[in-house]
Amino acid sequence: METARVLVAADKFKGSLTAVQVAERVTAGLRRVVPGLAVETLPVADGGDGTVAAAVAAGFERREARVTGPLGDPVTAAYALRGDTAVVEMAEASGLQHLPDGVFAPLTATTYGSGELLKAALEAGATTIVFGVGGSATTDGGAGMLAALGARFLDADGKPVAPGGGPLATLAEADLSGLDPRLADVDLVLASDVDNPLTGPKGAPEVYGRQKGASEEDIAVLDAALTHYASVLGPDTAALPGAGAAGGIGYGALVALGARFRPGIEVMLDVLGFAPALARATLVITGEGSLDEQTLHGKAPAGVAAAARAAGIEVVAVCGRLALPPEALEKAGIRRAYALADLEPDPAVSMAQAGPLLEQAAESIARDFLAG
């Protein structure tokens, strides 16, 4: 009989456990039932928050830089480096986590710090940059990022346009001639789990503006400003898939920096070395905080399950809450899902006790799939 070897490749349980902690808890639960079980852990992320942490867990070096936060204050942001490959997460510089509780700035929040973080990666010698975008506090179309990299955005009087998405309504000229020349020799991969256009009913302001504190009036202002911005930077570019990622930073990266758009989980599985780890496994355990309809559209568990299924390896999932019927799980390549909500129905208690509950779920997986 083949010796069991488990690969734990799960994302974070947002608000409860990091992806590294998920892997640790699952491993502990499995080994409680099957002592000495061979377990390999590969925390994963889909380009959003937690991407740098996943890269560091996979052997990248963590680097830090002081950059401009979304409100203009300095923040410390991390990126990951291995050889000449860097993993840069825009949320580290321009994410919602840098906003004080209850404070939003939908019209004026800037991605300037994301540009500074990319610059730090360039200065560290990176020639391939995986740019994970998601969790942004910003809707400025990447204008701040481009300004940090040397672009100039001027109004009709030749003065710099103020930070944020709202002021882009006054943009008269976009001068990209001063962009950092090193960018021309970099393979910049835009890693995102969303393929929204920049503007319109599926665009960044309409779909994601409210979670950044935008009112209905703000959304209309931002959509008009970004439409104008795109008309200045290049006709017919606002509809590019991925342009609407992270408040439109995807647009700036695609149009001005020559980035390639790829689904975040695909990029990250490549970067993290998932294929060789999968080849060693007989069972894969994936998961995230909520397994729901969104999971099926490019989130980490769906990417892991698709790759494992293609290799003929069985996949089970762990999650905080399960909102997918068995047929949807099966279609995604997941044999069975174990939800913490089944062990503890109170969401607040489940989140607070996520670690011990996850160990219990892993014990069940070991009994169902590995024992005997």
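Let me start with Ala55. Ala55 touches Phe60, Ala80, Val87 and Leu272, leaving out residues up to four places away in sequence. Contact here means heavy atoms within 4.5 Å. This is a predicted model, so a word on ground rules: local features need pLDDT of at least 70, side-chain atom pairs count only at pLDDT 80 or more, and totals for chains, interfaces and linings use all residues. Numbering runs from 1 along each chain as its sequence is written, and side-chain values use heavy atoms, with hydrogens and water left out.

Back to Ala55. Ala55 sits in helix H2, residues 51-57. Helices are DSSP runs of H or I with at least four residues, strands are E runs of at least two, and both are numbered from the N terminus. Is Ala55 buried or exposed? Ala55 is buried, at a relative accessible area of 0%. The cut-offs: buried is under 20% relative accessible area, exposed is over 50%, and partly exposed is in between, with a 1.4 Å probe and protein chains only. The C-alpha atoms of Ala55 and Val44 are 8.1 Å apart, and the two residues are separated by 11 residues along the chain.

Two of those contacts lead to the next stop. Ala80 stands opposite Val87 in S5. Strand S4, residues 74-82, pairs with S5 in the antiparallel sense over 4 bridges. Two strands pair if DSSP finds at least two bridges between them. The S4 and S5 hairpin has 2 residues between the strands, and Gly83 there takes a positive phi near 60 degrees. S5 also pairs with strand S6, residues 128-132, this time in the parallel sense over 5 bridges. Glu89 stands opposite Gly132 in S6.

How many residues of S5 are buried? 5 of the 5 residues of S5, residues 85-89, are buried, so the strand is largely enclosed by the rest of the structure. In a regular strand the side chains alternate between the two faces of the sheet. Here both faces are covered: Thr85, Val87 and Glu89 are buried on one side, Ala86 and Val88 on the other.

Next, Thr68. Thr68 lies in strand S3, residues 61-68. Thr68 is buried too, at 18%. Neighbours within four places in sequence aside, Thr68 contacts Asp73, Val75, Ala93, Tyr112, Gly113 and Glu116.

Now the open sheet. Five strands, in the order S2-S1-S11-S12-S13, pair in parallel. Strand S2 (38-41) and strand S13 (336-339) stand at the edges with a single partner strand each, so one side of each has no neighbour in the sheet. The twist averages 25 degrees from one strand to the next. For angles, axes are lines fitted to C-alpha atoms, for helices over the stretch in contact, and values run from 0 to 180 degrees between N-to-C directions. Strand S1, residues 5-8, joins S2 through 4 bridges and runs parallel to it. Arg5 has Ala38 as its bridge partner in S2. Helix H1, residues 19-33, packs on the sheet and touches S1, S2, strand S11 (283-291) and strand S12 (314-322); its direction makes about 175 degrees with that of S2. Helix H11, residues 300-310, also packs on the sheet, touching S11 and S12, at about 160 degrees to the direction of S11.

On to the cores. A nonpolar core is a set of buried Ala, Val, Leu, Ile, Met, Phe, Trp, Tyr and Cys residues joined through side-chain atoms within 4.5 Å. Which residues have the most contacts inside the largest one? Ile129, Phe131 and Tyr229 do, in a core of 52 residues. H8 gives the most to this core, with 7 residues. A second, separate core has 41 residues, among them Ala78, Val267, Phe274 and Leu278.

Gly258 follows H8, with a positive phi near 70 degrees.

Last, the aromatics. The structure holds 2 aromatic pairs. Rings of Phe, Tyr and Trp (its six-membered ring) pair if their centres lie within 6.5 Å; planes under 30 degrees apart are stacked, over 60 edge-to-face, the rest tilted. Phe153 and Tyr229 form a tilted pair, 6.0 Å centre to centre with 55 degrees between the planes. Phe153 is in strand S7 (residues 152-154) and Tyr229 in helix H7 (residues 216-233), 76 residues apart. Phe153 is buried at 8%, and Tyr229 at 0%. Phe153, Tyr229 and Tyr251 form one aromatic cluster.
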